[in-house]
Amino acid sequence: MSKPKVAWYWCASCGGCEESFVDLAEKLLDVFGAVDIVFCPVAMDYKKEDVENMPDKSITVSFINGGVRLEEHLEMVKLLRRKSDIVVAYGACSSWGGIPGLANLYNVKEIIDRKYKEVPTVVNLNNITPREETEVDIDGYRVKLSLPRVLDRLYPLDQVIDVDYYIPGCPPTSEVFWNALNILLSGELPPKGSILGAGSKSLCDTCPLNETKPDKLELTELKRIANTIPKLDECLLAQGYICLGPVTRGGCGALCINANMPCTGCFGPLDGIIDYGGKAASYIASIISYDELEELEKVYDSIPDWVGILYKYYLAASKLGGRIRRKKEVVKDG
Amino acid sequence: MGDRYEPIIVVFACNWCSYAAIDLAGTSRLHYPPNVRVIKVMCSGRVDPQFVLEAFADGADGVIVAGCHPPADCHYQNGNIKALRRFTLFKRILARLGIEKERFRLEWISASEAKKWVEVVNEMVNELRKLGPLKNRVEVRRLVEA
Ligand code: SF4
Ligand code: SF4
């Protein structure tokens with residue numbers, strides 16, 4: 001019997017997800033023994049035509065990481081969907097938009113202006129910004145160069161194609177990936193839409209500091225790791241740091257907690273949560289111990305970017321998908 | 001309702017105070033615009049910000065969460081305080097997500113305040129008529145599939 005065929009594609013990705021694959025180290029040999037990798041732009045030189053020439057459904061599993069931000073991504077994921085039996089959203093960006101999904105607070109023009117003109121470290125005297133098409137002279141020839149169109153916003157994979165499974169994390173740990181791979185290769189597939197490789201318990205449930213977390217939390221102030229250092233041996237939330245362990249899926253091995261960092265939610269929502277940021281806001285606000293508006297506002301004022309904290313990995317998948325824009329803005333982007 | 005734009009307002013009203021006030025407005029034959037869709041909940045402390053987001057995503061132009069007056073009117077002692085803590089924070093999030101402040105209200109309406117209920121609805125309907133529909137804006141999410 002021939003080996004299962006696997007494809008690995010990146011959309012708007014930082015490279016961390018690819019890293020988590022490489023982190024399998026010697027286990028990679030087992031992976032190469034068990035599957036044929038037929039498409040993997042990060043490591044192998046195959047072109048779009050090569051995928052087009054494969055028969056439909058001939059790829060057993062496509063792992064797709066990063067969010068869908070360019071027309072090119074859109075084309076490629078649609079193609080891979082057609083060619084694959086199973087499509088897996090790999091990592092936070094692909095599953096819910098991830099950190100690049102926070103750009104959904106801005107429109108394309110605002111993003112380009114920020115990056116190419118306004119950032120303090122940028123010097124751009126001629127105000128040059130990327131264009132979809134441009135003409136240049138090369139060796140006496142007039143050549144037209146083009147770039148893929150930037151979509152109006154970043155889309156999680158399941159907003160543009162049908163997705164079978166999700167592997168959570170930013171990036172997923174290699175252990176989570178290994179578990180997921182074994183499930184996929186076992187032939188006993190879980191129901192469509194399942195999260196692979198991580199359990200259903202919250203991070204708190206598996207956190208080494210859980211014993212120090214009081215049953216009833218009452219916070220009088222919120223602290224930030226930007227200007228204070230947490231104690232090592234006490235639940236971070238109890239200390240006043242916004243730790244999202246109570247609403248986040250466990251399975252990461254509490255890596256951040258072990259490094260004295262509060263959970264920022266990269267394994268995504270627990271089952272039953274319909275909007276991660278909404279749920280996180282609900283939880284955090286309910287444990288602030290003040291009953292008066294003024295005192296509450298003061299505590300909330302101490303955190304400069306609530307959306308960035310509570311929706312760090314989830315904004316693009318949230319109920320509103322990002323900042324709601326006026327109609328004329330949408331036309332301009334589209 | 002003719003051609004005029006009519007906003008839709010989803011109301012989460014607590015069983016003990018606000019829903020009773022809405023009932024009282026009815027039995028007292030007070031008039032108010034028919035733009036509201038009232039959902040009875042046991043307590044304002046049961047209303048999760050996720051419900052509000054869902055309402056907006058499903059086409060509501062405005063949302064009201066209504067409960068008993070703080071500090072002590074809540075039937076469950078401090079559900080209204082929980083609501084105050086939650087929605088004070090949540091309003092900041094809505095603002096950042098581009099939802100105008102007129103579109104969301106946290107109101108304390110006791111069982112006898114039928115008149116206040118009518119005032120709140122009148123005021124909000126007027127404000128939302130000026131703002132126009134939210135729906136057109138949310139639809140942007142489906143742009144890619146089109
Ligand atoms: S999920 Fe995290 S590691 Fe993976 S591409 Fe996105 S930002 Fe990078
Ligand atoms: S809140 Fe954070 S630090 Fe506290 S038990 Fe949960 S995951 Fe651990």
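Is A254(A) buried or exposed? A254(A) counts as buried, because its relative accessibility is 4% and the cut-off for buried is under 20%. The model is predicted.

**Ligand 2**
- The largest cavity is the space that ligand 2 takes up.
- Helices α8 (203–206) and α9 (236–239) of chain A are the elements that each give two or more residues to the shell around ligand 2.
- Cysteines around ligand 2 include C204(A), C207(A), C235(A) and C243(A).
- Also around this ligand are, among others, N210(A), K213(A), G245(A), P246(A) and I257(A).
- By class, the shell of ligand 2 holds 9 nonpolar, 2 polar and 1 charged residues.

**Ligand 1**
- Around ligand 1 are S13(A), C14(A), G16(A), C17(A), A92(A), C93(A), G169(A), C170(A) and P171(A).
- Two or more residues of this shell come from each of α1 (16–22) and α5 (91–96) of chain A.
- The shell of ligand 1 divides into 6 nonpolar and 3 polar residues, with no charged ones.

**Cis peptide bonds**
- Most peptide bonds are trans.
- P171(A) sits in the loop between β9 (165–167) and α7 of chain A.
- In chain B, the bond from P70(B) to P71(B) is cis, with omega near 0 degrees.
- The loop between β3 (62–67) and α3 (79–96) of chain B contains P71(B).

**Positive phi**
- Most residues other than glycine have a negative phi.
- A254(A), not a glycine, has a positive phi of about 50 degrees and lies in the loop between α9 and α10 (255–258) of chain A.
- D139(A), likewise not a glycine, has a positive phi of about 50 degrees; its place is the loop between β6 (133–138) and β7 (141–146) of chain A.
- D139(A) counts as exposed because its relative accessibility is 73%, and exposed means over 50%.

- Q239(A) belongs to helix α9 of chain A and is buried, with a relative accessible area of 7%.
- The side chain of Q239(A) reaches the backbone nitrogen of K231(A) at 2.8 Å.
- Beyond its neighbours within four places in sequence, Q239(A) contacts K223(A), P230(A), K231(A) and E234(A).
- S186(A) is part of helix α7 (residues 174–186) of chain A and is partly exposed at 44% relative accessible area.
- A polar atom of the S186(A) side chain lies 2.7 Å from the backbone oxygen of I183(A).
- Between S186(A) and K109(A) there are 77 residues of sequence separation and a C-alpha to C-alpha distance of 47 Å.

Terms used. Residues are numbered from 1 along each chain as its sequence is written. Chains are lettered from A and ligands numbered from 1 in the order in which they are written. This is a predicted model: local features need pLDDT of at least 70, side-chain atom pairs count only at pLDDT 80 or more; totals for chains, interfaces and linings use all residues. Side-chain values use heavy atoms; hydrogens and water are left out. A residue is near a molecule or strand if one of its heavy atoms lies within 4 Å of it. On a 1 Å grid over the protein atoms alone, a cavity is a set of points where a 1.4 Å probe fits but cannot get out, and a pocket is an open set with protein on both sides within 12 Å along at least five of seven lines; lining residues have an atom within 4 Å of a point. A molecule sits in a cavity or pocket if more than half of its atoms lie within 2 Å of its grid points. Helices (H or I, at least four residues) and strands (E, at least two) are DSSP runs, numbered from the N terminus. Ala, Val, Leu, Ile, Met, Phe, Trp, Tyr, Cys and Pro count as nonpolar, Asp, Glu, Lys and Arg as charged, and the others, Gly among them, as polar. Buried means under 20% relative accessible area, exposed over 50%, partly exposed in between (1.4 Å probe, protein chains only). A polar contact is a pair of N or O atoms within 3.5 Å; within protein, one must be able to donate a hydrogen and the other to accept it, and residues adjacent in sequence count only if both atoms are side-chain atoms. Contact means heavy atoms within 4.5 Å.
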